[in-house]
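Subject: Structure handover

Hi,

Here is the structure I promised to pass on. My notes on what turned up in it follow below.

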Amino acid sequence: MPFGSADRELLRQLGNQLGQITADLAALKQQAADQQHAIDQTRQDTNAAITTGLAEIRAVAREGLARANEIVTSPLACIGNELVTIRGAIGQLDNQLRAAAATATTPAAPHPEHEPAEDAKLGPASQPAAATQKALPADEDDTILRAAAGISAATLHAHRDTWEFLVKHAGPDQHFHLPATATLDEEAIEVRVSGPSLVAALTSLNRVSRTNPDPGTRAIAAHLHARLTETVDEILTWPHRGDGAEAVRIVIDDRARMADNEPQS
C-alpha cells in the first residue's frame, strides 16, 4: 500500500533528524580532535619547559659546585700547610728537648787536674785543639743566600714526604712562608716558594745536616741542601733579571740513568 502524506512527512522528519545527528557527531569529532591537539601541544610545551628548567638547574648546580670548590679548596690547602708547619714545629721542639735531655743525662768527662801554676801558664794559643773545635757549624755562603733571596718565586716539585720534611725543619724559621696553594699529583706535590723561604730552607737544612743526632735526618737534609744550592748556583753562573728567561724550577726526583740499549719513551 503506497505511503500516504503522513508517512512521507514522518520520513522527512527522520531524515532531518539523522542529518542533524550526523552534523552533531561531526562537531563532536572536531571538538575531540581540537582537544587532543591542545593536549598534545600542552604536553610538548610542558616537556620543553621541564627540559629547559632541568638544564638551567644543572647549569646553576655546576656553577655552585665550582664556586664551592674554589671557596673550599684554597682554605683547605692553607689549613693543610699550616698543619704541616705545626707538625714541623712540634718535631723541632721534640728534637730540641731530646737533645737537651741527652745532654743533661750524659756525665761530664773528668777534667785532668793541673797545677795552678801550669794552668796560669797556658795561654789561648796553647789550649787543647779539641776545645777550639766545638764552634758552631759553618755558616752558609753569603753569596748563595743573596742569590736565593733575589729569586721572586721558584717551583718546587718533590714527594709529599720530602716537602713535609722541608717544612718541618725550615718552618720555624722567621723567613719561611708557606705557599698559598699546592698542586697534588698522586704522591708528588708542586709548590711555589719565595726567595726568603729558600733562604730559610738553605740555612735550616745546613744546620740540620751538621747538628742533628739522627744520621738519616742529616743525610736527607744534606741532600736537599745540595740540590737547592745547585739550583741557586746555576743562577749565579747565568744571571738574568726580569722576563725573557725560564722560571726557577727545583725537582727533587733522582732516577737511575737509562741504559743505552733501552728504547726511550
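Start with the helix packing. The axes of H5 and H6 approach to within 9 Å and cross at roughly 85°. Angles of 65 to 115 degrees count as roughly perpendicular, so that is how H5 stands to H6. On the H5 side, the contact is made by Phe165, Leu166, His169 and Ala170. H6 contributes Ala200, Ala201, Ser204, Leu205, Arg207 and Val208. Sorted by class, this contact of H5 with H6 has seven nonpolar residues, two polar and one charged.

Before you go further, a word on confidence. This is a predicted model. The mean pLDDT of the protein is 76, with 68% of its residues at 70 or more. Helix H6 (residues 195–211) has the highest confidence, at 92. Helix H3 (residues 129–132) has the lowest, at a mean of 31. Residues 108–138 have pLDDT below 50. Beyond near neighbours in sequence, that stretch has six contacts in the model.

Next, the aromatics. The structure holds one aromatic pair. Its rings belong to tryptophan 163 and phenylalanine 176, with centres 6.3 Å apart and planes at 40°, so the pair is tilted. Tryptophan 163 sits in helix H5 (residues 160–170), and phenylalanine 176 sits in the loop between H5 and strand S2 (183–185). The pair therefore ties together parts that are 13 residues apart in sequence. Buried means under 20% relative accessible area. Tryptophan 163 counts as buried because its relative accessibility is 4%. Phenylalanine 176, at 9%, counts as buried too.

Two single residues are also worth a look.

Alanine 148 is part of helix H4 (residues 142–149). Its relative accessibility is 0%, so alanine 148 counts as buried. Leaving aside neighbours within four places in sequence, alanine 148 is in contact with Gly195, Leu198, Val199, Leu202 and Val232. Take valine 232 from that list: 84 residues separate it from alanine 148 along the chain, yet their C-alpha atoms are 6.0 Å apart.

Arginine 227 lies in helix H7 (residues 215–237). Is arginine 227 buried or exposed? Buried, because its relative accessibility is 16%. What does arginine 227 touch, not counting residues up to four places away in sequence? The answer is Ile250, Val251, Ile252, Asp253 and Asp254.

Over to you.

Best regards

Key. Residues numbered from 1 in each chain as written. Predicted model: local features only at pLDDT ≥ 70, side-chain atom pairs only at ≥ 80, totals over all residues. Heavy atoms only, no water. Phe/Tyr/Trp six-rings, centres within 6.5 Å; stacked < 30°, edge-to-face > 60°. Helix = DSSP H or I, 4+ residues; strand = E, 2+ residues; numbered from the N terminus. Buried < 20%, exposed > 50% of the residue type's maximum accessible area, 1.4 Å probe, protein only. Contact = heavy atoms within 4.5 Å. pLDDT = per-residue confidence, 0-100. Axes fitted to C-alpha atoms, helices over the stretch in contact; angles between N-to-C directions. Parallel < 35°, antiparallel > 145°, perpendicular 65-115°, else oblique. Nonpolar A, V, L, I, M, F, W, Y, C, P; charged D, E, K, R; others polar.
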